[in-house]
Amino acid sequence: MSKETSSPFWRGARDGAPFVLVIAPFGMLFGVVATEAGMDLAQTMSMTVLVIAGAAQFAAVSQMIDNAPIFMVLLTSLAVNLRMAMYSATMVPHLGKASLWKRALVAYFLVDQSAVLASETFEKNPERSVAWKVAYILGIMLPVTPFWYGGTLFGAVVGGRLPESFALDFAMPITFLAMIAPMVKTLPHLAAALTSITLALLLNGFPYGTGLILAAFAALAVGALTEWKLEGNKA
Amino acid sequence: MIQLSDAQLWLVIVLLGAGTFLIRFSFLGIIGDRPMPRWVLRALRYTPVAVIPGLVAPLVLWPAATDGDPDPARLTAAAVTIAVGAITKNVLAAIIVGAVTLFGMLWLLG
């Protein structure tokens with residue numbers, strides 16, 4: 001190991017600890033929603049461990065409840081996760097030289113929280129070694145991962161026992177809205193979100209969830225074009 | 001309720017896991033630092049706001065729990081959740097205030 005003073009792993013763990021406050025209840029909500037939708041414990045936990053991406057998991061469950069064909073369920077949920085390709089790209093300058101299995105390990109743990117926090121830290125400390133950076137990002141996930149798994153487990157066990165009056169049908173929409181509202185921080189984001197809503201509602205009658213996919217593609221284009229226009233005006 | 005068979009549901013779980021991993025591994029493991037067109041990276045940034053609002057809008061306007069009729073309690077809860085999320089940028093706060101609003105409205109409207 002290098003001769004750097006404080007351990008990057010523990011520094012990552014310390015920096016990642018506050019995320020637990022969001023991750024635990026969020027994981028629990030997924031456990032509740034998946035169980036309510038009819039997934040058994042093994043299925044709920046497998047999804048949470050294999051996918052480890054809340055928004056996509058909620059999207060998959062929502063599409064499956066809606067009786068969309070498997071292909072559309074996958075397309076919609078993976079579309080939600082495409083942002084992670086961007087995280088993957090931002091890690092290349094920092095971790096591109098790590099061994100293949102370490103890059104694979106980091107890729108599994110590249111969630112919203114770890115990707116955003118790690119890229120901030122790496123930007124501030126570009127001179128740190130590859131080993132330091134790998135240890136840091138794994139450190140972030142030390143508190144996050146168990147609370148994500150554990151939250152889901154707790155929600156799945158408790159969820160089936162909650163009474164109808166809890167209006168659990170609306171846990172998913174509220175979670176989606178709470179996730180997305182803070183992300184709409186620029187005019188292009190707002191334009192994309194409004195396009196998505198309008199078209200999804202207009203095309204709601206389209207079969208197999210195709211309306212949503214069309215709405216999403218149009219929204220992507222509107223977001224990117226709005227950004228491009230705004231940049232043009234600035235220059 | 002999900003209508004898929006057990007085997008189909010497992011297929012979704014495994015493929016979603018594999019697909020998500022491949023997305024995360026894409027640049028780090030496969031593409032590396034080969035240059036990508038700027039519009040690709042630009043578009044990736046908008047994927048969550050392009051998909052999730054469209055996914056959630058029909059659930060908010062036409063909830064299954066009320067047989068697709070717009071429901072004042074759910075609409076109010078949705079509006080409050082968006083407002084709290086947009087102002088505080090705090091996901092958890094938005095979920096909690098949204099849930100409290102929903103229960104409060106359901107109780108008020110009986």
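How many residues does helix α4 (residues 72-88) of chain B have, and how far does the helix reach from its first C-alpha to its last? In this predicted model, α4(B) has 17 residues and reaches 24 Å between those two atoms, close to the 24 Å expected at 1.5 Å a residue.

**Contact between the chains**

- In the contact between the two chains, 81 residues of chain A meet 67 residues of chain B.
- On the side of chain A that touches chain B, helix α6 (residues 83-95) of chain A gives the most, with ten residues, and by class that side of chain A has 62 nonpolar, 15 polar and four charged residues.

**Helix α10 of chain A**

- Ten of the ten residues of α10(A) are buried, so this helix is largely enclosed by the rest of the structure.
- The buried residues run from A:Ala171, A:Met172, A:Pro173, A:Ile174 and A:Thr175 to A:Phe176, A:Leu177, A:Ala178, A:Met179 and A:Ile180, and what covers them includes α2 and α4 of chain A as well as α3, α4 and α5 of chain B.
- With α3(B), the axis of α10(A) comes within 10 Å and crosses at roughly 145°, and the crossing is left-handed.
- From α10(A), the residues making this contact are A:Met172, A:Pro173, A:Phe176, A:Leu177, A:Met179 and A:Ile180, while α3(B) contributes B:Pro48, B:Val49, B:Ile52, B:Pro53, B:Leu55, B:Val56, B:Leu59 and B:Val60.
- Sorted by class, the contact of α10(A) with α3(B) has 14 nonpolar residues, with no polar and no charged ones.

**Helix α4 of chain B**

- The buried residues in α4(B) are B:Ala73, B:Arg74, B:Ala77, B:Ala78, B:Val80, B:Thr81, B:Ile82, B:Val84 and B:Gly85.
- These buried residues pack against α10 (171-180) of chain A, and also against α3 (47-61) and α5 (91-108) of chain B.
- Just after the helix, B:Lys89 takes a positive phi of about 60°.

**Helix pairs within chain A**

- Helix α2 (residues 20-36) and helix α3 (residues 41-51), both of chain A, have axes that come within 10 Å and cross at roughly 140°; since angles over 145 degrees would count as roughly antiparallel and 65 to 115 as roughly perpendicular, α2(A) and α3(A) are therefore oblique to each other.
- The crossing of α2(A) and α3(A) is right-handed, and the contact is made by A:Gly27, A:Phe30, A:Gly31, A:Ala34 and A:Thr35 of α2(A) together with A:Thr44, A:Met47 and A:Thr48 of α3(A).
- On the α8(A) side the contact is made by A:Gln113, A:Ser114, A:Leu117, A:Ala118, A:Thr121 and A:Phe122, and on the α9(A) side by A:Lys133, A:Tyr136, A:Ile137, A:Ile140, A:Met141 and A:Val144.
- The residues of the contact of α8(A) with α9(A) divide into eight nonpolar, three polar and one charged.

**Loop residues**

- A:Ala37, found in the loop between α2 and α3 of chain A, counts as buried because it has 20 C-beta neighbours inside 10 Å.
- Leaving aside residues up to four places away in sequence, A:Ala37 touches A:Val61, A:Met64 and A:Ile65 as well as B:Met1 and B:Ile2; A:Ala37 and A:Val61 are 24 residues apart in sequence and 7.3 Å apart in space, C-alpha to C-alpha.
- A:Ile52 has a positive phi of about 45° although it is not a glycine; this residue is placed in the loop between α3 and α4 (54-65) of chain A, and A:Ile52 is buried, with 23 other C-beta atoms within 10 Å.
- B:Asp67 is likewise not a glycine and has a positive phi of about 55°; B:Asp67 lies in the loop between α3 and α4 of chain B, where it counts as exposed because it has 8 C-beta neighbours inside 10 Å.

Conventions:
Residues numbered from 1 in each chain as written. Chains lettered and ligands numbered in written order. Predicted model: local features only at pLDDT ≥ 70, side-chain atom pairs only at ≥ 80, totals over all residues. Axes fitted to C-alpha atoms, helices over the stretch in contact; angles between N-to-C directions. Helix = DSSP H or I, 4+ residues; strand = E, 2+ residues; numbered from the N terminus. Parallel < 35°, antiparallel > 145°, perpendicular 65-115°, else oblique. Left-handed = near helix turned anticlockwise from the far one by under 90°. Contact = placed C-beta atoms within 7 Å. Expected span 1.5 Å × (residues − 1). Buried ≥ 20, exposed ≤ 12 C-beta atoms within 10 Å, placed from the backbone. Nonpolar A, V, L, I, M, F, W, Y, C, P; charged D, E, K, R; others polar.
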